[in-house]
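Look at the two chains below before reading on.

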Amino acid sequence: MTIRAPKDFWSGLMFLAFAAVALLSARGYSLGSAGKMGPGYFPLLLGLVLALIGAILVARSFVIQGERVGRLSVLPLMVVVLGVCLFAFSIETLGLVVALVAVTVVSALASWKDFRLREAALLAAALAAFAVGVFVYGLRLPLPVWPAL
Amino acid sequence: MDALANLALGFGVALTLQNIAYCFIGVFLGTVVGVLPGIGPVTTVAMLLPISFTLSPVSAMIMLAGIYYGAQYGGSTTAILVNIPGEASSVVTTIDGHQMARQGRAGPALGIAAIGSFFAGCAATLLICVAAPPLAAIALEFGPAEYFSLMVCGLIAAVVLARGSVVKAIGMVVLGLLLGLAGTDVNSGIRRFTFGYTGLADGIEFVALSMAIYGIGEIVYNLEQKAAQADVMSRIGRVWPAWEDIRICIPSILRGTVLGSLLGVLPGGGALLAAFGAYTLEKKVAKPPRNFGNGDIRGVAAPESANNAGAQTSFIPMLTLGIPSNPTMAMMIGALMIHGISPGPRVMTERPELFWGLVASMWVGNLMLVILNLPLVGMWVKLLRIPYRMLFPAIIGFCCVGAFTVNSNMFDVLVMAFFAVFGYLCLKLECEPAPLILGFVLGPLMEENMRRALLISRGDPRVFVEEPISLAFLIAAVGLLLVVAAPAIRMKREEVLKE
């Protein structure tokens, strides 16, 4: 058995994984009956359909020819995700300026080949100034600007 | 006449100083993101959603709508001058448009794109005025069974018209529906798929999900593509096309407008499909077929008219049925819901100022766009000199601010980080995200309508086929699926969608 259509194969596995999570967690919700659908009825239905589609994709990937999955750029993805998480964990305590500078500089590292520290720092500063000016002073969105001491 | 009174009401709303200003902000931003490759209207609308709840609903809709149709104008500029589509819907414009630029005819190419877009935008807006009220009147009669089947039909159509594998697209729809169910169930009060996180009690935040996929996931995907050689044609010359050029384009603009308007209404349609369809049609019927692919001005006029027409008419199902035909329309529905308005046929009768104000603003916006795009084209070209390495961290930064401000909850930012990884994987696996977004918006509605329909019929599923309108929708859905399954048509579809 060789996988002939890797993109289909992995998509199928992804759908199967989501279906498994859905079906497992939907066990706890009462099913009800068709005439009186409980909270578990529609999720169960969708989970089964999704599992079926996943299974079709996986089975089909052994038969039909398909494209290979290209190289995953794991590192840039992780850098960007790290930047976003830094923002999430700093916005409430350290405020908008610090959080925005952190996410901008860190995610700029995702294309490290043409990363320039000065440029990234300037960009971050400009962005923070713009965001504070427009969102906080212009639109009066409730955002903490500076670290809460 | 009723329509005239309504339009007068609409212009009364659209022509207030405040709304003109928001319309301008919308079309201006739309042009910017249209010109810039790598950022599209979906991301932009998502980033502005949190801001939009500081505005009145009408102003918010006017601004957000401007972004979508403004992007169609801007996209053509990049397509013609740089040979890179600024927006997906201007892919076909690169074919003849860039050839024209190479031959020193960039000016007329830009000119005819703007003229065609303006005509198409105005005509399609007129179509909205005429078609929307009767459609909404019909939709008011729909019961839960009809609504459920309509949604099934809409989602299937979206799948069929999406690019790539149909099976994967159906998978994405179903996954989207499931994700849409997360959060507190309105009927039982039970929290579903929250895995113990209180941050998920109100469900997965739509803004976070869409920015994760269309903003961040796509950025990582773009970063790994080789930087396209920027071959900017900076010599533009006279923008106004010669009379001979305009004359030869009139039939193309008309055909593009009609086809684009029709394809825009379809679920899954909108600007992208309209442009592809119009170019294919033009190659078949334009006489003499001379030199398509080598800088034929009609190859610019038709798709550019069509994508703008499609962008306008895709508002029809959203405004009359409350059903989004593409991810941007799903965003607009999200915007309305933030304001506590549930989109659907009732909006037109209960909030006429919202509906007619939005429609009237489209004319205002299209007029602004012609002015923004023709005399000021040089300014937009300068925008293309901004390197992507400076652009993408800024987009990520704004996405973070956007995701946080919706609920002032850092959890939503983490949700965005999670789905960014998911979105990137989907792009790598060629699973189209658009069906997922549509499914996500429709998930709770579909469950509710199914529940009500089955409650009325006491659990008898035959209710969906016994109501004639519902049956018609289901037959249409099955028909669409069969059509795609038929090998001959499948080839044709791939040909049209790939090109």
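The description begins with the conventions and then takes up each topic in turn.

This is a predicted model, in which local features need pLDDT of at least 70 and side-chain atom pairs count only at pLDDT 80 or more, while totals for chains, interfaces and linings use all residues. Residues are numbered from 1 along each chain as its sequence is written, chains are lettered from A and ligands numbered from 1 in the order in which they are written, and side-chain values use heavy atoms, with hydrogens and water left out.

Chain A splits into domain 1 (6–60) and domain 2 (74–138), with bounds taken from an automatic or database domain assignment. Between the C-alpha centres of these two domains of chain A the distance is 38 Å.

Contact here means heavy atoms within 4.5 Å. By that criterion, 65 residues of chain A touch 63 residues of chain B. The two chains bury about 5,600 Å² between them, and carbon and sulfur atoms give 81% of that area; buried area is the accessible area (1.4 Å probe) that two parts lose on being put together, summed over both. Of the area that chain A buries against chain B, 11% comes from A:Met37, A:Phe42 and A:Leu77, more than from any other three residues.

A salt bridge is a side-chain nitrogen of Lys or Arg within 4 Å of a carboxyl oxygen of Asp or Glu. Three of them cross the interface of chain A and chain B. A:Asp8 and B:Lys168 form a salt bridge at 3.2 Å, N to O. Over all chains the structure has 18 salt bridges. Among these, B:Asp245 pairs with B:Arg105 at 3.3 Å, N to O. B:Asp245 sits in helix α10 (residues 243–265) of chain B and B:Arg105 in the loop between α5 (91–102) and α6 of chain B, so the pair ties together parts 140 residues apart in sequence. Helices are DSSP runs (H or I, at least four residues), numbered from the N terminus.

Grid points are joined across faces, edges and corners, and a volume is the space filled by probe spheres set on the points. There are four cavities of 30 Å³ or more. The largest has a volume of about 80 Å³, and its lining includes A:Phe115, A:Leu123, B:Arg389 and B:Phe392. Two or more lining residues come from each of α4 (117–138) of chain A and α18 (388–407) of chain B.

Technical notes:
On a 1 Å grid over the protein atoms alone, a cavity is a set of points where a 1.4 Å probe fits but cannot get out, and a pocket is an open set with protein on both sides within 12 Å along at least five of seven lines; lining residues have an atom within 4 Å of a point.
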